[in-house]
Amino acid sequence: MSLALGAWMLSLGGRASSLEEGREVLLRVLESGRGLEKFQELVAAQGGDPLVAEEPDLLPTAPIVNRVRSPRKGYI
């Protein structure tokens with residue numbers, strides 16, 4: 001879903017001539033690691049620890065966690 005949205009954004013912004021080209025651009029960015037680097041820059045710019053992108057266990061957890069199980073597989 002994120003790739004589809006990103007492809008639309010690149011296409012509408014004139015950075016890609018088609019949705020397929022936009023998707024290919026995004027896949028190259030993700031595969032190269034530049035996407036992760038940009039995310040870490042954004043986290044740091046907001047005062048966060050960019051290491052959470054590589055070590056999610058550094059994120060705080062809620063004091064109470066309730067697991068809700070579904071009777072079947074699927075997406076919400």
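The side chains of Lys-38 and Glu-41 meet in a salt bridge, with 3.1 Å from N to O. The term covers a side-chain nitrogen of Lys or Arg within 4 Å of a carboxyl oxygen of Asp or Glu, and by this rule the count comes to one. The model is predicted, so local features need pLDDT of at least 70 and side-chain atom pairs count only at pLDDT 80 or more, while totals for chains, interfaces and linings use all residues. Residues are numbered from 1 along each chain as its sequence is written, and side-chain values use heavy atoms, with hydrogens and water left out.

**Salt bridge**

- Lys-38 and Glu-41 both lie in helix 3 (residues 34-45), three residues apart, about one turn of the helix.
- Helices here are DSSP runs of H or I with at least four residues, numbered from the N terminus.
- Lys-38 counts as partly exposed because its relative accessibility is 45%.
- Glu-41 is also partly exposed, at 47% relative accessibility.
- The classes are buried under 20% relative accessible area, exposed over 50%, and partly exposed in between, with a 1.4 Å probe and protein chains only.

**Largest pocket**

- The largest pocket holds about 250 Å³ of space.
- A pocket is an open set of points on a 1 Å grid over the protein atoms alone, where a 1.4 Å probe fits, with protein on both sides within 12 Å along at least five of seven lines; lining residues have an atom within 4 Å of a point.
- Its volume is the space filled by probe spheres set on the points, which are joined across faces, edges and corners.
- The lining consists of Ser-2, Leu-3, Gly-6, Leu-10, Arg-15, Val-25, Leu-26, Val-29 and Leu-30.
- Helix 1 (2-12) and helix 2 (19-32) are the elements that give two or more residues to this lining.
- By class, six lining residues are nonpolar, two polar and one charged.
- In this scheme Ala, Val, Leu, Ile, Met, Phe, Trp, Tyr, Cys and Pro are nonpolar, Asp, Glu, Lys and Arg are charged, and the others, Gly among them, are polar.

**Surface patch**

- Trp-8, Leu-12 and Leu-19 form a nonpolar patch on the surface, with about 340 Å² of accessible area together.
- Patch residues have over 30% relative accessible area and no salt bridge, and nonpolar side chains (Val, Leu, Ile, Met, Phe, Trp, Tyr) are joined within 5 Å, like charges within 9 Å.
- Accessible areas come from the Shrake-Rupley method with a 1.4 Å probe, and for residues only the protein chains shown count as cover.
- Leu-19 lies in helix 2 and is partly exposed, at 34% relative accessibility.

**Separations between C-alpha atoms**

- Leu-19 and Gln-46 are 27 residues apart in sequence and 31 Å apart in space.
- Gln-46 sits in the segment after helix 3 and is exposed, with a relative accessible area of 69%.
- Between Gln-46 and Pro-56, 10 residues apart along the chain, the separation is 17 Å.
- Ala-62 is placed in the segment after helix 3 and is partly exposed, at 45%.
- Ala-62 and Glu-31 are 31 residues apart in sequence and 32 Å apart in space.
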